[in-house]
Amino acid sequence: MRAPICISNRPWSRGRRFYGCSQLEENRCNFFQWYDKEEDNGVVEDLKDDLEMLQIKIRKFKIENKELKELVKSLKAKSVKRRNKAVFYKLAFFTSWIVYVLVKFGL
């Protein structure tokens with residue numbers, strides 16, 4: 001029987017590859033052998049460190065993205081308020097101009 005290559009998920013050997021019996025989970029066979037050498041595990045550790053750093057960066061980007069979305073929402077609200085003020089002042093000017101014309105010409 002051929003032993004498949006498995007990847008360890010134990011804390012002390014996480015990411016290391018090994019040969020294990022295909023019936024290892026059923027405890028029918030005790031065959032076990034590391035696939036890689038112990039020094040190869042340094043590469044795995046480096047990759048784990050890189051992965052952890054990338055996960056931290058992703059969390060930071062998610063926080064920054066959330067903050068930027070809130071800022072955009074706030075700026076849109078301010079823009080709407082300014083636009084509404086501009087419309088109000090234009091209407092007020094136009095209305096006062098009409099009143100002036102009506103009063104001036106007695107209409």
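The paragraphs below go through this predicted model from the whole chain down to single residues.

The protein chain has three strands and one helix. Followed along the sequence, these elements come in the pattern β-β-β-α. To find them in the structure, look for strand E1 at residues 5-7 and strand E2 at residues 17-20, then strand E3 at residues 32-34, and then helix H1, which covers residues 41-105.

Two figures describe how the chain as a whole is covered. Of its 107 residues, 8% count as buried. The chain exposes about 10000 Å², and carbon and sulfur atoms supply 60% of that area. A further figure concerns contacts between residues at least 6 apart in sequence: 15% of these join residues at least 24 apart.

Now turn to the strands. Trp34 belongs to strand E3. Which residues does Trp34 touch, once its neighbours within four places in sequence are left aside? They are Ser8, Ser13, Arg16, Arg17, Phe18 and Tyr19. Take Phe18 from that list: in sequence it stands 16 residues from Trp34, yet the two C-alpha atoms are 4.1 Å apart in space.

Arg16, another of the contacts of Trp34, sits in the loop between strand E1 and strand E2. Is Arg16 buried or exposed? Its relative accessible area is 4%, and buried means under 20%, so Arg16 is buried. Arg16 can also be placed relative to Cys6: the two are 10 residues apart in sequence, and their C-alpha atoms are 8.3 Å apart.

The last stop is the charge on the surface. Where is Asp49? It lies in helix H1. Together with Asp46, Asp50 and Glu52, Asp49 forms a patch of negative charge on the surface. Asp49 has a relative accessible area of 42%, and is therefore partly exposed.

Lys78 is also found in helix H1. It gathers with Lys81, Arg82 and Lys85 in a surface patch, this one of positive charge. The relative accessibility of Lys78 is 46%, so this residue counts as partly exposed. A residue would need over 50% to count as exposed.

Notes: Residues numbered from 1 in each chain as written. Predicted model: local features only at pLDDT ≥ 70, side-chain atom pairs only at ≥ 80, totals over all residues. Heavy atoms only, no water. Patch = residues over 30% accessible without salt bridge, like charges linked within 9 Å, V, L, I, M, F, W, Y side chains within 5 Å. Areas by Shrake-Rupley, 256 points an atom, 1.4 Å probe, with all protein chains shown as cover. Salt bridge = Lys/Arg side-chain N within 4 Å of Asp/Glu carboxyl O. Lys, Arg positive; Asp, Glu negative; His and termini not counted. Charge placed at Lys NZ, Arg CZ, Asp CG, Glu CD. Helix = DSSP H or I, 4+ residues; strand = E, 2+ residues; numbered from the N terminus. Buried < 20%, exposed > 50% of the residue type's maximum accessible area, 1.4 Å probe, protein only. Contact = heavy atoms within 4.5 Å.
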